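Hi,

Here is the structure I promised to pass on.

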Amino acid sequence: MQKLVFSLLCFVISLNLSSQRAMLKGMIKDADGNGIIGANVTANPGNAGTITDVNGEYDLSLEPGTYNITASFIGYKSQSSAMTFRGGETKMVDFVLEEDAVQLEDIVVVGSRSAPRTNTTSPLPVDVFSARDLISTGQTSFDKSLQYRVPSFNTVQTPVNDATSLLDPYEIRNMGPSRTLILINGKRKNMSSLLYVQTSPGRGETGADISAIPTDMIKRVEILRDGASAQYGSDAIAGVMNIILKDDAEAGGVTFRTGVTSEGDGEMFGIALNNGTKLGSKGFMNYTIDLSKVNLANRPGTVDAEGEAGDFGADINDVKAFLAKYPDAGNINGSPATTAAKFAANFGSNVSDNAEFYGNAAYVYKKVNSFANYRTPYWRTLSDHPYLADFFPNGPNGEYIGYVPTFDGDLSDYNGTVGWKLNKNGWMADVSYTVGGNQQLYTVTNLHNLFGTKNPDGTNKYRENSPIIFQPGGTKFTHNVGNIDISKRLNDKVGIAFGSEFRSENFTIIEGDQASYEDGGADSFAGNDPRNSGRFNRYNLGGYADVALDLTEDFLINGTARLENYSDFGNAFVWKVSSRYKLNDDKVTLRGSVSTGFKAPTLHQIYTQKAQYSFVPGQGIQVGGLVSNVSREARLLGLPGLDPEKSTNITVGLGIRPSNNFSVTLDYYQIAVKDRIILSTEIGATDAGNTPLDKIIAENNLSDLSFFVNALDTKTSGIDFVANYRNVNAGSGKLAFNLSGNYTLTNERDGNVKNPKLVQDAGQSVANLTQEALFFTSRPQYKAIFGIDYELGKFIFSLNNTLFGPTTFRQQGLDAGIYTEFKPKVVTDLGITWQTSKNTTLSVNANNLLNVLPEWAFKADPGSESKLNDAAFLKGQSNLITFNQRYSRMTYDGYHFSQLGTILNAAFNIRF
């Protein structure tokens with residue numbers, strides 16, 4: 001009986017133990033014994049996982065069973081070990097990781113404990129950033145984080161918001177937003193539906209909405225700074241940005257964020273949840289929900305009365321009386337209010353030992369509230385529009401004091417991919433299908449249609465009968481992409497790859513309500529006329545082949561060729577050859593590449609036609625026309641159709657790694673673009689007044705018109721430099737230093753402007769000095785980032801200094817011989833991270849700690865220096881380009897870094 005009771009007791013205990021979870025604990029270290037922060041520890045099957053804390057320590061709860069435990073981190077060789085766990089058991093296991101490179105097709109990425117960004121032994125220049133690198137900037141969006149991490153990457157909010165406030169233009173190597181290809185987990189992301197038409201950097205182009213990507217969903221970012229059209233097709237002229245999403249099945253957390261500018265506006269509030277879960281026994285899903293609100297930050301200038309009186313023909317005393325009460329003339333310009341909800345997920349599962357199903361999806365909704373220029377009572381007068389007294393009784397006593405039109409933009413952006421990977425007999429195949437889309441709808445309020453369209457009975461259709469809320473329509477872009485990629489390592493010296501891509505693109509111009517476009521439309525943002533609206537489509541099919549030859553252990557040659565066929569313009573053939581040679585036990589690497597590329601004209605550029613409100617120096621806001629290249633008007637004007645841009649890229653570089661803790665890379669690049677597509681300058685009426693150009697301008701009540709054209713050949717060259725020195729003993733802590741920079745040697749037109757005949761005959765040009773400054777000098781000539789990280793116990797201190805070099809503009813209306821230059825400035829950011837407990841972290845950032853602001857001055861060409869000594873002349877010129885000082889800090893065309901000054905941010909993270 002006792003034996004029976006004892007046996008039953010042992011059986012119950014064994015059942016209880018088998019139902020208890022096991023625990024794995026330990027530390028992930030580098031070769032020097034330092035803990036690696038943010039390293040991954042995973043257990044398969046099941047893909048359970050966690051990441052190490054600030055000390056490099058981890059703990060992972062598991063069901064009883066046998067697992068393959070893997071420790072990994074970017075730039076290190078992964079370590080794996082098979083382990084069996086009993087219920088209730090706790091094991092202590094440390095891993096020591098050795099440095100290595102991680103391969104993503106041609107893109108080689110490397111990192112370390114502090115994530116040095118460029119692999120010294122790669123055949124191509126690549127930057128790599130972890131999620132921690134991006135979050136530590138304290139910036140509120142992904143694109144602004146890159147601004148303070150990548151010297152060759154630039155973005156800034158435009159002075160004039162309206163539709164552009166939904167997506168700030170960005171670019172790599174001063175090549176415009178449309179010449180950098182964006183990938184999500186290696187698959188092409190859809191473009192935005194927004195076309196930049198303001199006179200600011202990025203004019204005439206479009207790009208993917210990278211600001212919509214939740215930072216908490218990002219595992220790492222890889223930026224290839226080289227042409228890659230042969231690998232990926234159109235748009236990859238300046239480079240490729242590949243955003244890798246998190247794939248942890250178990251770790252998770254929630255982050256609370258807040259911030260405010262030093263002037264007490266621009267308040268930011270946000271919460272982001274990131275979590276991982278298992279899909280069955282062999283799969284995972286990682287997802288993020290990010291909700292945020294950023295309030296308006298307003299930086300208007302003090303308006304000049306004399307300039308106002310001259311521009312509007314107003315009585316100077318009336319102007320002074322108004323400005324005495326409202327020195328900024330009621331203008332609101334700066335950073336608009338933005339509300340965003342972002343959702344993203346990444347998932348996958350091992351179906352068998354050699355097959356994997358994977359996918360990812362994201363959806364973003366963003367609402368932006370911004371403002372047009374304030375219509376002062378001497379601009380929109382009661383003598384011209386007496387009904388405005390009833391429309392806008394805005395004064396303290398209900399009197400008319402003008403009005404400010406509002407602009408609300410609603411953006412929806414989505415992307416999703418499903419795919420299947422197969423590894424059989426050494427052949428690796430990847431088959432995937434990707435969808436994506438971006439839609440923007442607009443609402444403008446607190447304004448009117450001021451034009452005199454008549455009803456059949458002779459009464460005004462608008463003016464006193466105008467609505468004050470308009471729906472101008474919007475735009476939509478979608479694409480569907482299918483990929484097949486196959487590769488095999490034939491032997492230890494030869495690898496081959498080949499594949500194909502089919503892509504279908506759709507661009508829709510959504511018509512506005514009738515009052516928003518008829519006879520000039522709403523008084524700030526004209527709607528889309530049904531005659532200019534519609535849905536437009538094209539498709540393309542491409543294929544590529546790639547061969548990699550390791551001639552010796554040190555000498556690598558890689559070649560790629562690609563052929564594409566587009567339904568609207570035909571074929572494009574491009575190629576690339578890259579090489580690398582290692583010396584001195586891999587401590588020195590020579591690398592280089594030569595490639596050709598292309599960029600197809602976007603559907604936006606081909607089909608957009610609309611009336612556009614824009615600032616004309618000395619004349620205020622005027623209505624111009626943007627003419628589509630396939631329209632009736634284009635035929636009347638003899639405008640040519642658009643051809644693809646063609647490029648040639650050359651990159652030569654040197655990588656040095658004398659020790660595991662010190663590395664340097666230096667790369668020279670040269671990019672030549674032929675038949676670059678631009679949005680022309682505003683072409684006005686001719687002196688004769690009897691040409692087709694004059695007829696179209698007069699019939700449509702326009703001040704001028706513009707259009708897209710293959711107008712320029714350009715050449716761009718420069719130098720990229722990256723140096724990292726880490727694990728420097730400093731008392732009880734460790735120091736890490738990083739210095740990186742980009743210097744533009746040349747960025748200019750190559751040859752004459754290719755003017756269409758009608759422009760040539762009118763004695764005008766599609767690319768004037770204003771346009772060329774936007775293309776070539778509106779981004780910093782050089783930019784450098786020097787950072788110091790100090791890890792001390794549970795604290796990490798980060799000090800980063802970003803040097804923004806000079807930018808120059810030649811704003812429309814400026815006197816010949818003078819231009820504006822934004823002075824070089826250094827922006828200092830300070831960040832402190834404190835691991836308050838095992839599962840909580842507090843981060844505090846002071847961005848632009850010293851409150852450095854953009855500052856510009858007039859400069860003169862040789863022979864015009866005397867103009868700089870005439871104060872009255874310079875005041876008039878300043879009024880011309882700042883709309884009488886409304887935009888005094890950054891002019892109407894742009895600037896080189898944020899005008900908001902010091903921004904204080906804090907984030908509190910709780911790990912699950």
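The side chains of Asp168 and Lys144 are joined by a polar contact of 2.8 Å (a pair of N or O atoms within 3.5 Å; within protein, one must be able to donate a hydrogen and the other to accept it, and residues adjacent in sequence count only if both atoms are side-chain atoms). Please keep in mind that this is a predicted model, where local features need pLDDT of at least 70 and side-chain atom pairs count only at pLDDT 80 or more, while totals for chains, interfaces and linings use all residues. Residues are numbered from 1 along each chain as its sequence is written, and side-chain values use heavy atoms, with hydrogens and water left out.

Asp168 sits in the loop between β12 (153–155) and β13 (strands are DSSP E runs of at least two residues, helices are H or I runs of at least four, and both are numbered from the N terminus). Its relative accessible area is 10%, so Asp168 is buried (under 20% relative accessible area; over 50% is exposed and in between is partly exposed, with a 1.4 Å probe and protein chains only). Apart from neighbours within four places in sequence, Asp168 is in contact with Asp143, Lys144, Thr155, Val156, Gln157, Thr158 and Tyr196, where contact means heavy atoms within 4.5 Å.

Two backbone angles may interest you. Most residues other than glycine have a negative phi. Arg173, however, has a positive phi near 55°. Arg173 belongs to the loop between β13 (170–172) and β14 (180–184), and counts as buried because its relative accessibility is 1%. Asn848 also has a positive phi, near 55°; its place is the loop between β44 (840–847) and β45 (856–860). With a relative accessible area of 6%, Asn848 is buried.

Now the helices. α5 (residues 305–312) and α6 (residues 316–325) pack at about 130°, their axes 9 Å apart (axes are lines fitted to C-alpha atoms, for helices over the stretch in contact, and angles run from 0 to 180 degrees between N-to-C directions). α5 and α6 are therefore oblique to each other (angles under 35 degrees count as roughly parallel, over 145 as roughly antiparallel, 65 to 115 as roughly perpendicular and the rest as oblique). Ala305, Glu306, Glu308 and Ala309 of α5 meet Ile316, Val319, Lys320 and Leu323 of α6.

Helix α13 (residues 769–776) is mostly covered, with seven of its eight residues buried. Among them are Leu774, Phe775 and Phe776. The buried residues of α13 pack against β36 (662–679), β37 (705–730), β38 (733–749) and β41 (807–809).

Ala337 lies in β23 (residues 337–352) and counts as buried at 12% relative accessibility. Beyond its neighbours within four places in sequence, Ala337 is in contact with Val294, Asn295, Leu296, Lys367, Val368 and Asn369. Asn275, found in β19 (residues 268–279), is buried at 17% relative accessibility. Not counting residues up to four places away in sequence, Asn275 touches Glu250, Ala251, Gly252, Met285, Asn286, Tyr287 and Phe912.

Best wishes
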